[in-house]
Every structure is written in structure tokens, then in C-alpha cells.
Amino acid sequence: MAGRTARWRARVAGIDPFVVDGLPAAASAAVSLWSVYQDVTDRPWWVYLLALGTALPLPWRRRAPVTVMVVSGLVSAVLSVVAHSAMPQLPLFVVVTLYTVADRARDWQRWSVLAVVATANVVGTHSPNGALFSLITTVGAFVFGCLVRELRRLAAVEAERAREAGRRAASDAARAVAEERARIAREMHDILAHAVALMVIQAEAGPLVVHGDPDRAVKAFDTIADSGRDAMAQLRRLLGVLKEEGSEPELAPQPRLAELPALAERVRRTGVLVELEVDEEVGPLPPDVEAAGYRIVQEALTNTVKHAEASRISVRVVREGEELAVLVSDDGRGVRLGRGRAASAASGSSGSSGSFGGRGLVGIRERAAACGGRAEAGPGPRGRGFLVSARLPLGTVRRVAG
């Protein structure tokens with residue numbers, strides 16, 4: 001039913017308004033001519049012509065509503081003077097033109113026309129009943145035109161709101177796609193950078209110790225295998241959500257802080273001492289905070305192993321008030337930055353150098369910001385080594401736990 005109505009409206013909307021307005025013009029002309037024909041007095045031909053002239057301007061009513069009403073009104077006034085009894089009881093041209101003026105004319109024109117017509121109805125009618133009937137007819141047509149005008153205005157407002165909602169929806173969808181692409185890129189960077197860094201270091205060390213220390217060489221190759229398997233498992237989880245609709249995604253839980261000891265152990269196999277301290281009193285955390293804390297530690301360890309030439313790394317994950325504090329420091333070669341570039345590193349610019357990769361810093365800062373937190377990176381205490389510090393708010397813990 002709704003489809004047929006929509007198609008009917010589309011067909012009507014495609015018809016020329018001049019043709020559509022010819023129908024009420026024809027009806028009005030027929031009423032006026034019939035009224036002259038039924039008059040008690042035989043009227044000459046030019047009276048019929050005047051009756052026809054009251055309806056002839058109606059096809060142009062939408063283009064010039066006030067002009068059409070004035071022309072029809074003048075012809076009607078002449079007809080009323082020369083043959084008042086031949087005037088129709090219900091002049092359709094008055095109803096149509098007054099409705100059109102109320103619907104389409106300017107405000108000052110509308111109310112001026114209403115005042116003139118109402119006065120003419122009272123003054124030009126010979127009986128109170130006739131005056132009342134004329135007022136009801138003209139005022140009713142005017143009110144109906146005002147109602148249609150208001151409905152058209154409300155429809156335009158609703159259409160604009162719908163367009164604005166569509167634009168907002170498209171913008172939100174585009175932003176969501178961009179954010180999801182950034183998230184996937186960040187996840188893949190963290191997973192692959194960590195795994196590849198450990199694999200490269202162990203692969204380079206393996207041939208050097210394969211003859212002198214076979215056991216260490218075996219451990220190096222075991223670390224390579226473990227890193228590869230871990231990367232494959234995490235990539236399988238990440239890419240599972242990108243499968244075609246209808247297939248079952250192979251999902252694994254998001255990384256949690258409880259997995260940090262295994263992460264630290266893999267790094268220890270590269271020959272770097274990793275001291276790990278995880279606060280056991282942290283309690284239940286939101287999944288996004290757990291995942292962000294893990295990834296921040298993972299990225300900091302990866303950059304230290306790749307760039308810092310450090311022999312010791314200290315990792316602390318503790319609760320401080322309503323925040324989770326993540327601190328990763330090393331005793332490596334650190335960075336040598338001027339004041340301007342140090343500020344650049346702290347703000348997340350990829351222009352920083354030294355023991356901390358630019359892309360890694362951006363990823364850590366983005367992960368912290370996604371949780372409503374903040375992250376900083378720069379030289380360690382007294383300018384030695386490198387320090388990564390992140391603070392993640394725990395304000396949602398109660399809602400998650402409850």
C-alpha cells in the first residue's frame with residue numbers, strides 16, 4: 001500500500017503544475033457559467049464571458065498568487081455589479097485563490113488580502129446570513145491554506161533534519177572505519193614488531209653460539225619458534241573479525257596483565273634481564289585497560305630490545321589511586337635530544353630517535369588516550385637509559401565489576 005502511494009505521488013509530482021491547476025480552473029468556470037445559465041434573467045453573451053474570466057487566471061495561481069486573485073477579483077466585481085444575481089452561491093475561484101495566497105504569498109500580502117476580502121464580504125453582501133456564509137467560506141479557505149503552508153514548512157524542516165542525520169551518520173561511519181583501521185594497524189604493528197624483533201635477535205645470535213654453546217643455540221631457536229607461534233595466534237585472533245559474514249571468527253581473549261610474565265620470559269631469552277613487578281592488589285580491570293597495559297609494556301620492551309642495547313629492563317605495573325601506572329625503564333644508551341626534540345618525543349611525534357622508535361611512541365600514546373589516559377617517554381633518571389610512563393584511569397572498574 002505504501003509503495004503504491006509513493007508511486008502515485010511520484011507520478012503526480014511529475015505532472016506540470018500548470019496542467020494540474022487547469023482542473024480547478026475548469027471546475028470554477030463550470031460553476032460560474034452554470035450560475036449565469038440558471039439566472040432568472042436571460043443574460044447576454046458578454047456576461048458569460050465575464051463568468052468565464054473569473055476562472056481563466058487560475059492556472060497561474062502558483063506563480064503569481066496575489067496577481068491572479070486581483071485579476072479574478074476585479075472580473076468578479078464587474079460581474080457582481082452588472083449581474084449580481086448571476087453570481088454563484090459558492091464562487092470556487094475565490095476559495096482557490098484565497099487558499100493559494102494564504103499558502104504561497106508573503107506574510108504582509110496574506111494578511112492584507114484577508115482583511116480586504118473579509119471587509120468586502122461584510123460590505124458587499126445584502127444579508128447577514130449571506131455575509132456569514134461568505135466569511136466562513138473565505139476565512140475557512142484562508143485557514144486551510146495557512147495549515148498547508150505550515151505543514152510544508154514542517155516537512156522541509158524534517159527533510160533537512162533527515163539530511164543532517166544522514167550526513168552525521170555518514171561522518172560517524174567514516175570516522176568509525178578510520179578508527180578501526182588505526183586500531184588494526186596498531187595491533188598488527190605491536191604484534192609483528194615484538195615477534196620479529198625477538199626472532200631477528202635470536203636468529204642473529206644462534207649461529208654465533210651454535211658451536212660453542214649448543215644449549216644456548218637451542219634456546220635461541222626455541223624462542224624464535226615461540227615468538228612465531230605467539231604472533232600467529234594473535235594475528236589469527238585479530239584477522240578473525242575480518243572474515244566474511246556468516247563464518248565463525250576464531251577469537252581469543254584480549255591480552256591481559258596476567259600474561260606479562262610470559263612476555264617478560266620471552267624477552268629474557270634474548271639475554272636481557274627483565275625485572276617485572278605487577279601489583280597483585282590491582283583487582284578487576286576493564287578489558288580495554290588490561291589490553292592497553294599489556295600492549296604498552298610489549299611495545300616498550302620491543303623498542304628497548306631493538307634500539308637501546310640495554311642489559312636490564314625494569315617493568316612496574318601498579319595501582320596508584322584511581323589510575324593504573326605502567327613504568328618501563330632500561331639502562332641502555334638512552335636518547336640525546338635538545339629541548340625542542342625532547343618535547344617532540346613527549347608529545348608523540350615520530351621525529352624522536354635514539355632508543356625509542358617514533359611509531360612505537362605514537363602507538364603507546366594512542367593506546368593510553370583510547371582509555372582516557374596519557375603516556376610519556378624520554379630519558380630516564382639523571383639522563384640514563386630510557387623511561388616509558390603511562391597512566392590509565394580506572395574510573396570504569398566499578399561499572400565493570402558490578
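A residue is called buried under 20% relative accessible area, exposed over 50%, and partly exposed in between (1.4 Å probe, protein chains only). The model is predicted: local features need pLDDT of at least 70, side-chain atom pairs count only at pLDDT 80 or more, and totals for chains, interfaces and linings use all residues. Residues are numbered from 1 along each chain as its sequence is written, and side-chain values use heavy atoms, with hydrogens and water left out.

Of the 402 residues in the chain, 38% are buried. The chain has 14 helices and five strands, taken as DSSP runs numbered from the N terminus (helices: H or I, at least four residues; strands: E, at least two).

The chain contains 22 salt bridges, each a side-chain nitrogen of Lys or Arg within 4 Å of a carboxyl oxygen of Asp or Glu. Three of them are listed here.

| Salt bridge | Closest N to O |
|---|---|
| Glu 322 and Arg 319 | 3.8 Å |
| Glu 323 and Arg 391 | 3.5 Å |

Arg 319 is partly exposed at 30% relative accessible area, and Glu 322 is partly exposed at 40%.

Arg 374 is partly exposed, with 44% relative accessibility, and Glu 323 is partly exposed at 22%. Glu 323 in strand 3 and Arg 391 in strand 5 (residues 386-393) also link distant parts of the chain, 68 residues apart. Arg 391 is partly exposed at 24%.
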